[in-house]
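Welcome! Take a moment to look over the sequence and the 3D view, then read on for a short tour.

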Amino acid sequence: MDEQDFFLPPLHPLITLSSSPSREGELSWTLYHPITNQFFQIDWLTYECLVRFPRFQKAKDLISAVNHETTLHCSVGDLETIIRFLHQHRLLDEKLYAHQAPLARGQNPFLRLLKNYLFFTIPLLSPQSFLKKTYPHLSILFHSFVIKSLLVFLGVMIVYTLPRVDEFLNSFGNIISVEGMVQVGLTFFFIKIIHEFAHAYTATRYGVAVPRMGIAFMVLYPVLYTETSQAWKLPSRRKRFHIAVAGITAELCLAGIFLLVWNFSASGSLIQTISFLVVSVSLIGSLLINLNPLMRFDGYYILSDLLGYENLQQRSCQFARWTLRRFLFGIDQPQPEDISQKRKQFLIFFGFALITYRFFLFLGIALLVYHIFFQPLGLFLMFVELGYFIFWPIFNELKEWYRLRTQILQSVRGKITICIFSFLLLYVFLPFQGRVDAPAVL
């Protein structure tokens with residue numbers, strides 16, 4: 001058989017394709033896999049290939065059809081890249097695609113447990129019918145004029161509170177106690193309920209189903225969550241942005257209202273204390289945690305929708321690794337995707353920022369796990385954390401360097417980098433004899 005021809009793997013029968021808004025003149029589509037509840041943004045070439053998968057069995061026939069029926073040019077390499085993408089994200093029919101089924105099924109239960117013990121979710125309710133019944137009574141709260149007015153009111157109240165900022169900040173000393181921590185916990189729980197229902201009602205406003213709400217545990221720390229991933233079906237990026245920012249907006253509006261209560265309540269009263277807690281938790285939670293784009297909280301999805309960068313984390317990490325190989329070894333690899341120079345620079349910067357942040361985050365989580373679990377379980381889980389989230393990505397990158405070893409050894413910059421690395425390894429691991437003289441008193 002021709003090496004350039006091969007049998008096409010069958011697609012999973014449940015995946016669907018829907019059009020997405022054009023971005024910078026590009027055509028794009030959204031691929032949805034209901035089993036894993038994942039959404040993927042795909043380009044024109046991938047779309048044209050996927051819609052023809054059921055019609056053909058051989059790669060050459062599909063490539064010929066795409067090249068003759070569209071203005072695109074599809075090569076064997078392009079098709080192989082698409083198939084690798086489908087296989088990696090389990091978008092192929094595992095029953096029919098038997099020779100790759102072990103890989104498609106993913107990890108065994110033990111490895112999945114090791115991977116997910118730090119993050120797992122517990123669905124608590126299916127709120128769809130409740131949201132539809134109650135939204136008409138609350139719809140006025142989600143009107144753009146009301147929201148903008150409350151945000152402006154927050155700004156006015158912050159300016160009004162500035163002369164009393166010392167009194168406000170001194171209130172932090174009152175919560176450093178067991179009773180204060182309990183109050184903070186209850187306030188946090190109340191605010192997060194408002195936060196999650198703001199997401200849910202905004203999704204309901206735009207016709208997006210909310211299949212479940214529940215609790216997610218991160219390093220055994222519970223946080224509420226709302227399933228709104230079906231927002232990717234919306235063709236309007238503005239509507240997706242509104243859903244993503246709804247929780248933070250609700251917290252900021254809540255902060256404005258309770259800041260008014262704090263200013264006009266008696267000093268040291270219970271009402272003023274509760275108002276202080278609501279304002280503090282809302283502002284700190286919104287600005288320092290939820291708006292952090294380097295974690296998969298609201299800030300990440302807000303940034304992705306604002307810039308129109310789908311799959312931002314994966315794409316930025318690919319560009320960061322590509323840039324690192326070019327810098328260290330001078331390898332002239334094609335860039336991960338053909339985009340504008342401005343977009344490429346942003347993805348490279350975001351990718352390196354994300355890798356650096358993840359390194360220190362997972363290192364901190366590993367140390368935390370070591371201390372909160374009894375020994376030797378804490379030590380074992382720390383090594384699992386370090387191995388899976390830090391050393392395993394490094395090992396995969398080293399494997400890629402080994403695959404490119406011929407190009408690296410032929411490059412002048414690659415030889416220089418190897419020499420520098422070798423010297424550093426020798427300096428770290430080889431013992432050096434020496435003597436230190438210092439004055440002392442006996």
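**A first look**

S282 has its place in helix 11 (residues 270–290); helices (H or I, at least four residues) and strands (E, at least two) are DSSP runs, numbered from the N terminus. This is a predicted model, in which local features need pLDDT of at least 70 and side-chain atom pairs count only at pLDDT 80 or more, while totals for chains, interfaces and linings use all residues. Residues are numbered from 1 along each chain as its sequence is written, and side-chain values use heavy atoms, with hydrogens and water left out.

- S282 is buried, with a relative accessible area of 0%; buried means under 20% relative accessible area, exposed over 50%, and partly exposed in between (1.4 Å probe, protein chains only).
- A polar atom of the S282 side chain lies 2.7 Å from the backbone oxygen of V278.

- Strand 1 (residues 16–19) runs antiparallel to strand 2, and four bridges join them; two strands pair if DSSP finds at least two bridges between them.
- Opposite T16 you will find Y32 in strand 2.

**Salt bridges**

- The structure holds eight salt bridges, each being a side-chain nitrogen of Lys or Arg within 4 Å of a carboxyl oxygen of Asp or Glu.
- One of them joins the side chains of R52 and E69 (2.9 Å, N to O).
- That pair links distant parts of the chain, 17 residues apart: R52 is in the loop between helix 1 (44–50) and helix 2 (59–69), and E69 is in helix 2.
- R52 is buried, with a relative accessible area of 8%, whereas E69 is partly exposed at 43%.
- K192 forms a salt bridge with E251, and their closest N and O atoms are 2.8 Å apart.
- Because K192 lies in helix 9 and E251 in helix 10, this pair ties together parts that are 59 residues apart in sequence.
- K192 counts as buried at 11% relative accessibility, and E251 counts as buried at 1%.
- The side chains of E227 and R212 also meet in a salt bridge (3.9 Å, N to O).
- E227 lies in the loop between strand 6 (221–226) and helix 10, and R212 in the loop between helix 9 and strand 5 (213–218), so the pair ties together parts that are 15 residues apart in sequence.
- E227 counts as buried at 16% relative accessibility, while R212 counts as partly exposed at 32%.
- Salt bridges that share partners join E48, R52, R55 and E69 into one network.

**The second largest pocket**

- The second largest pocket is lined by 25 residues, of which L141, F142, I147, T249 and A250 lie nearest its centre.
- On a 1 Å grid over the protein atoms alone, a pocket is an open set of points with protein on both sides within 12 Å along at least five of seven lines, and lining residues have an atom within 4 Å of a point.
- Helix 7 (144–161), helix 9 (178–205) and helix 10 (237–263) are the elements that give two or more residues to the lining of the second largest pocket.
- Helix 10 provides the largest share of that lining, nine residues.

Terms used:
1 Å grid on protein atoms, 1.4 Å probe; cavity = no way out; pocket = protein on both sides within 12 Å on 5 of 7 lines; lining within 4 Å. Polar contact = N/O pair within 3.5 Å; in protein donor to acceptor, adjacent residues only side chain to side chain.
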